Amino acid sequence: MSDETLKAGVIGYPIVHSRSPLIHNYWITLHGLDAVYDARAVEPENLEPLLKALGDDGYRGINVTVPHKEAVARLVDHIDPFAERVGAVNTVIVRDDGTLEGRNTDGFGFIENIKQGAPDWDAAKPAAVIGAGGAARAILAALLDAGVPEIRLANRSFDKAQKLAEDLEGPIVVRPFEDRAACLTDAGLAVNTTTLGMEGSPPLELDLSTLADGAVATDIVYTPLETPFLKQARAAGFHTVDGLGMLLHQARPGFAAWFGIEPKVTPILRALVVNDIETKG
Ligand code: ATR
């Protein structure tokens, strides 16, 4: 590492499970860049000073993960319209004048993952989204931008789903969690954005029988790669797209902005991350 070495990284609290260093350092090596990408645990009270010092510390930018995405959205100097709508920033770019630009690439990652994994996905059909947490916000906004005519949203806490629908404005119909199966009638896409199905959590129980023919099922959970929900969807003959691709694709815009190279999500990168998950959990 020299004074010329470009720097980027990810911050969260805690940060142990982040695969972002693996992804970005793979691209750094692949493209022969003189750059490093690190991971730092940043306590909430240290967030603002860290952001203020980012440029002086030589960083081109950072990724932001739980629990800092919302706070960073309030602290950056410029915020892109999508991140503002979602109220969360996952990618920060240090501009040439030293000011900070906040973006949210989670929605981009979600859509790119579906495009890569299920190129025949019909965005002209309604979509069903289960869950209304942090990830759901970006996914809903991205689906609206993709032109989905109606989104049916069901969440255990009904109020949270209603708030999300109000915040985002658009054709979002909120249903009680108990009626979640009704969200799927003739839908072209079913998305699990809850933590159900994650290793150690109970599965998402959902009757898929009314989904449109050729529909796509996708999950944001990627440990395991094939959740019980995806397994059920695959067995029923639907297209399935696992959640790992969203993580891989959301990393692309940050890397491109910091280092000036458009990186690709390839089978080799995917295998590298799958191997990491399998060995470290
Ligand atoms: P937040 O961003 O609000 O912290 P999250 O942890 O990202 O939330 O999201 C967790 C999602 O999984 C939420 O939709 C949550 O439902 P609630 O909003 O009702 O909490 C959902 N979830 C987690 N455990 C669940 C369970 N056992 N049954 C149903 N939904 C569950």
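A pocket, as the word is used here, is an open set of points on a 1 Å grid over the protein atoms alone, with protein on both sides within 12 Å along at least five of seven lines, and a molecule sits in a pocket if more than half of its atoms lie within 2 Å of its grid points. The model shown in these views is predicted.

**View 1. The ligand in the largest pocket of the predicted model.** The ligand sits in the largest pocket, and the residues around the ligand include Gly131, Ala132, Gly133 and Gly134, together with Asn155, Arg156, Ser157 and Lys160; Phe177, Thr194, Thr195 and Leu196 are also among them. Oxygen atoms of the ligand lie 3.0 Å from a backbone N or O atom of Ala132 and 2.7 Å from a backbone N or O atom of Gly134, while a polar side-chain atom of Arg156 lies 2.9 Å from an oxygen atom of the ligand. Of the 630 Å² of accessible area that the ligand has on its own, the protein covers 64%.

**View 2. Helix α1 and the elements that cover its buried residues.** Within helix α1, which spans residues 20–30, the buried residues are Ser20, Pro21, Ile23, His24, Tyr26, Trp27 and Ile28. The cover over these buried residues includes the strands β1 (6–12), β2 (35–41) and β3 (59–64), as well as the helices α9 (244–250), α10 (252–259) and α11 (267–280). Just after α1, Gly32 takes a positive phi of about 65°.

**View 3. Gln250 and its contacts.** Gln250, which lies in helix α9, has a relative accessible area of 7% and is therefore buried, the cut-off being under 20%. Leaving aside residues up to four places away in sequence, Gln250 touches Asn90, Thr105, Asp106 and Gly109, and the side chain of Gln250 makes a polar contact of 3.1 Å with the side chain of Asn90.

**View 4. Two cis peptide bonds, at Pro14 and at Pro224.** Tyr13 and Pro14 are joined by a cis peptide bond with omega of about 0°, and Pro14 is placed in the loop between β1 and α1. Thr223 and Pro224 are likewise joined by a cis peptide bond, with omega of about 5°, and Pro224 lies in the loop between β11 (216–219) and α8 (228–235).

**View 5. Positive phi at Glu169 and at Asp186.** Although Glu169 is not a glycine, its phi is positive, at about 55°; Glu169 is found in the loop between α7 (158–168) and β9 (172–176), and is exposed, with a relative accessible area of 60%. Asp186, also not a glycine, has a positive phi of about 60° and lies in the loop between β9 and β10 (189–192).

Note on methods
Residues numbered from 1 in each chain as written. Predicted model: local features only at pLDDT ≥ 70, side-chain atom pairs only at ≥ 80, totals over all residues. Heavy atoms only, no water. Buried < 20%, exposed > 50% of the residue type's maximum accessible area, 1.4 Å probe, protein only. Helix = DSSP H or I, 4+ residues; strand = E, 2+ residues; numbered from the N terminus. Contact = heavy atoms within 4.5 Å. Near = heavy atom within 4 Å. Polar contact = N/O pair within 3.5 Å; in protein donor to acceptor, adjacent residues only side chain to side chain. Areas by Shrake-Rupley, 256 points an atom, 1.4 Å probe, with all protein chains shown as cover. 1 Å grid on protein atoms, 1.4 Å probe; cavity = no way out; pocket = protein on both sides within 12 Å on 5 of 7 lines; lining within 4 Å.
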